[in-house]
Amino acid sequence: MDLTGHHEWRSLLFVHWEVDVALVRRLVPPELEIDTFVGKTFVGLVPFTMQAIRPLRALPPIPGVSAFHETNVRVYVRHRGGEPGIYFFSLDAASSLAVRAARRFFHLPYFRAEMQLDRDGDHVTYRSRRLWPEPTPATLDLEYDIGAALPASQEGTLQFFLAERYLLYTRNGRGELRSGRVRHTPYPLHSATIRRLDESLIAAAGIVNRGARTVVLYSPGVDVDVGALTSPSRETP
């Protein structure tokens, strides 16, 4: 049986702020290097929708847990100078079963939240309120407009640095560093304009000072294959 899971990620907004490396260094496992672009690092807030989720690609979606909204807070890292990756500070999701399963089997910092997404043409509103576990409050009240399609991301640009990452890192229950690979086509990206953004998710992650908001990007989505967690020493492209 194919042990790769499959997701569809839809309606992703990538919002980023510059942060001091020292602010995130203390929150990230020491085995991971903080990745920087022209000497700057960024914390990302990414609200989106997961759908057609299959824990194993060979199985059909599980009713009641195959679609939900999610918002993650993340920073960009590398392991021993290797491939660019992501370290998640939090992942809020509107599914109790998905949260419990992800915390137990993938050792990711998932949190149960109430979430709502509404779209009227290219105008989107997205709201989230964390329920459990703590830290709370951790909320998001967001309103934005989707803009024009952008050219494909080119390696060496900030747009590529922020969007095109295919490894995640976490610690398992024994405190050991693990990595997981995702595979998908490059994100089709659009510009986006934020009308309103009120959030406390980043502060809940332990980042109390952030710089100016930088590039804001939108993607209609990608289909994603998700691999099992492995030791970083066994990463394969």
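## Overall architecture

Buried residues make up 50% of the 237 residues in this chain, where buried means under 20% relative accessible area, exposed means over 50%, and partly exposed lies in between (1.4 Å probe, protein chains only). The model is a predicted one: local features need pLDDT of at least 70 and side-chain atom pairs count only at pLDDT 80 or more, whereas totals for chains, interfaces and linings use all residues. Residues are numbered from 1 along each chain as its sequence is written, and side-chain values use heavy atoms, with hydrogens and water left out.

The secondary structure consists of four helices and 12 strands; helices (H or I, at least four residues) and strands (E, at least two) are DSSP runs, numbered from the N terminus. The chain has a radius of gyration of 17 Å, close to the 18 Å that the globule rule gives for 237 residues, so it is as compact as a globular protein of that length. That radius is taken over C-alpha atoms, and the globule rule is 2.2 Å times the number of residues to the power 0.38. Along the principal axes, the C-alpha atoms fill a box of roughly 45 × 45 × 40 Å.

## Contacts, surface and charge

Of the contacts between residues at least 6 apart in sequence, 68% join residues at least 24 apart; a contact means heavy atoms within 4.5 Å. The chain exposes about 11100 Å², and carbon and sulfur atoms supply 53% of that area. Accessible areas come from the Shrake-Rupley method with a 1.4 Å probe; for residues, only the protein chains shown count as cover.

There are 28 positive and 26 negative side chains, and the centres of the two sets lie 5 Å apart. Lys and Arg count as positive and Asp and Glu as negative, while His and the chain ends are not counted. Each charge is placed at NZ of Lys, CZ of Arg, CG of Asp or CD of Glu.

E143 belongs to strand β8, which covers residues 139-149. E143 counts as buried because its relative accessible area is 14%. Its side chain makes a polar contact of 2.8 Å with the side chain of H123, and another polar contact, of 2.4 Å, joins the side chains of E143 and R196. A polar contact is a pair of N or O atoms within 3.5 Å; within protein, one must be able to donate a hydrogen and the other to accept it, and residues adjacent in sequence count only if both atoms are side-chain atoms. With neighbours within four places in sequence left aside, E143 is in contact with H123, V124, T125, T193, I194, R195 and R196.

T125 lies in strand β7, residues 123-132. A relative accessible area of 13% is why T125 is classed as buried. Apart from its neighbours within four places in sequence, T125 contacts Q116, L117, D118, L142 and E143. T125 and R174 are 49 residues apart in sequence, with their C-alpha atoms 39 Å apart in space.

D92 is placed in strand β5 (residues 85-93). D92 is buried because its relative accessible area is 0%. The side chains of D92 and R130 are joined by a polar contact of 2.8 Å. Residues up to four places away in sequence not counted, D92 touches H69, E70, T71, F111, A113, M115, R130 and L201.

D223 is in strand β12, which spans residues 213-226. With a relative accessible area of 39%, D223 is partly exposed. A polar contact of 2.7 Å links its side chain to that of R10. The residues that D223 touches, not counting those up to four places away in sequence, are H6, H7, E8, R10, R183 and H184. D223 and D118 are 105 residues apart in sequence and 21 Å apart in space, C-alpha to C-alpha.

## Backbone features

Two cis peptide bonds may be noted here. One joins W132 and P133, with omega about -15°; the other runs from E134 to P135, with omega near 15°. P133 is found in the loop between β7 and β8, and P135 lies in the loop between β7 and β8 as well.

S11 has a positive phi, near 55°, in a residue other than glycine. S11 lies in strand β1 (residues 5-19) and counts as buried at 17% relative accessibility. A52 is not a glycine either, yet its phi is positive at about 50°. The place of A52 is in strand β3, residues 41-54, and its relative accessible area of 22% makes A52 partly exposed.
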